[in-house]
Amino acid sequence: MKTAAQRRTKHRQAHTVVDNKQPMIEHVRELRRRLMLIALSVGVWASAAYGVQQHIVAILLKPAHDQKFIYTSPGGGIDFLFKLCLYAGLIMSIPVIVYHILKYIEPLIKRESTRFIAVGSAISGILAVLGMLYGYFLGLPAALHFLLHQFITTQIQPLLTIQAYMSFVVVYMLGSAMLLQVPLLLILINRIKPLKVKVLNKYQRHVIAASFIVAGLMNPTPNVFALLLIAVPIVVMYQVGIFVIWSTQRKRRPHAPPAHVVQMLEEDATRRLQRLSVAGQAQPLLVAAAVPAAAMSSVTVQTQGASVLPDSPVVTRQRPSTTPMVRRPAGRPVRRIVS
């Protein structure tokens, strides 16, 4: 008989299996719902950014110093403000975007998914802010100085539209925010499919080469120091990710099975011991039953002074017959004596 706890556990497991095997339309509906929540977050932050647009414009134009900008259409100013608020809402919604991405792929995350999603979303927001601050104060001024002062002559002067400048700055800031997400990405992949530290160490030279390529795209300057400002954080974050994965795998211990599984294993072990005990006691009977009926009159021959184990089979030897065997001569008929 199954206990009530075992029945409830089996019922929950059955529902879990049904929930995990959702049809494709359910996944599409969940994706649409999460995209709507992300769009709502972007809209809320964009509306909040519209109230402080002057401060955002001042922060956005500060790395350009005294550079003048223009817009070339009557609606250029409104288009600039709309994109500015939209980009601000997108940047501020990075933790929300990461949270919904992790929730959507939660079935692939094997251990402590709820805690990992909450902590990962918070850490992603912190790393994004640190990356944008790093790019704004160190990387962006060097890139703008090179791009705006490298190709200037008496006949060539930079005359930029505010939309082009804003697009460049926003893309640069988003790229800087993504640079520090490398450890979180490695930890997420390790949750889905365990990574080997030796394999990650082998790919370090590829990561270094890729970091300098990304630095050249984000900061197109022959100045090696300016390239190192972008390449070094990528390599450092990759090393941080390897260290976190190594420490996680080192501290990982096999998880204890649930209580009902432990109880079932203990009951099974007890029943096995009982069956072995009964089989050990019934073994002499089985051996005795296997002896033919003609040998039941045999005498057990035991060595004097030897002890016989209780579970050992009984060794018997048939007593030789004392009656001499009389052979009938060949060719003589058998006579029957009638009394």
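**Helices, pocket and cores of a predicted model**

Biologist: At 23% relative accessibility, what does Ile56 count as: buried, partly exposed or exposed?

Modeller: This is a predicted model, and the values are computed from it. Ile56 is a residue of helix α3. Buried needs under 20% and exposed needs over 50%. The relative accessibility of Ile56 is 23%, so Ile56 counts as partly exposed.

Biologist: Leaving aside its neighbours within four places in sequence, which residues is Ile56 in contact with?

Modeller: Cys85 is 29 residues from Ile56 along the chain, and the two C-alpha atoms are separated by 8.9 Å. Contact is judged on heavy atoms within 4.5 Å instead. With neighbours up to four places away left out, the contacts of Ile56 are Ala49, Leu84 and Ala88.

Biologist: Which residues of α3 are buried, and within what arc do they fall?

Modeller: The buried residues of α3 are Gln53, Val57 and Leu60. An α-helix has 3.6 residues a turn, so residues three or four places apart point the same way. The buried residues of α3 line one face of the helix, because seen down its axis they fall within an arc of 65 degrees.

Biologist: Which residues are exposed on the other side of α3, and what covers its buried residues?

Modeller: On that other side, the exposed residues are Gln54, His55 and Ile59. The cover over the buried residues of α3 includes α2, α4 and α7.

Biologist: Which helix supplies the largest share of the lining of the second largest pocket?

Modeller: The second largest pocket has a volume of about 530 Å³. Of its 18 lining residues, Ile56, Ile59, Ala88, Ile91 and Met173 are the closest to its centre. At least two lining residues come from each of α2, α3, α4, α6 and α7. The largest share, five residues, is that of α4.

Biologist: By class, how many residues in the lining of the second largest pocket are nonpolar?

Modeller: The lining of this pocket is made up of 18 residues. No polar and no charged residues are found in the lining, and the nonpolar ones number 18.

Biologist: Which residues touch the most other members of the largest nonpolar core?

Modeller: In soluble globular proteins, nonpolar side chains tend to be buried together. The largest nonpolar core here holds 37 residues, and those that touch the most other members are Leu60, Phe80 and Tyr165.

Biologist: What is Phe80 in contact with, leaving aside its neighbours within four places in sequence?

Modeller: Phe80 is one of the residues that touch the most other members of the largest nonpolar core. With the sequence neighbours set aside, its contacts are Val57, Leu60, Ile162, Gln163 and Met166.

Biologist: What does Ser124 count as, buried or exposed, and which residues does it touch?

Modeller: Ser124 belongs to helix α6. Its relative accessibility is 0%, so Ser124 counts as buried. Not counting residues up to four places away in sequence, Ser124 touches Ile94, Val98, Gln181 and Leu184.

Biologist: Where does Ser211 lie, and which residues is it in contact with beyond its neighbours within four places in sequence?

Modeller: Ser211 lies in α10. At 1% relative accessibility, below the 20% limit, Ser211 is therefore buried. Beyond its sequence neighbours, Ser211 is in contact with Ala231, Ile234 and Val235.

Biologist: How many Å separate the C-alpha atoms of Met92 and Gly125 in space?

Modeller: Met92 is part of α4. With 43% relative accessibility, Met92 counts as partly exposed. Met92 and Gly125 are 33 residues apart in sequence, and their C-alpha distance is 8.5 Å.

Biologist: How many Å separate the C-alpha atoms of Ile101 and Ile38?

Modeller: Ile101 sits in helix α5. Its relative accessible area is 46%, so Ile101 is partly exposed. Ile38 is 63 residues from Ile101 along the chain, and the C-alpha separation is 10.0 Å.

Biologist: What percentage of the residues in the chain is buried?

Modeller: The chain has twelve helices and two strands. Of its contacts with a separation of 6 or more, 78% join residues 24 or more positions apart. Among the 339 residues of the chain, the buried share is 29%.

Methods. Residues numbered from 1 in each chain as written. Predicted model: local features only at pLDDT ≥ 70, side-chain atom pairs only at ≥ 80, totals over all residues. Heavy atoms only, no water. 1 Å grid on protein atoms, 1.4 Å probe; cavity = no way out; pocket = protein on both sides within 12 Å on 5 of 7 lines; lining within 4 Å. Points joined across faces, edges and corners; volume = space filled by probe spheres on them. Helix = DSSP H or I, 4+ residues; strand = E, 2+ residues; numbered from the N terminus. Nonpolar A, V, L, I, M, F, W, Y, C, P; charged D, E, K, R; others polar. Buried < 20%, exposed > 50% of the residue type's maximum accessible area, 1.4 Å probe, protein only. Arc of directions from axis to C-beta. Core = buried A, V, L, I, M, F, W, Y, C linked by side-chain atoms within 4.5 Å.
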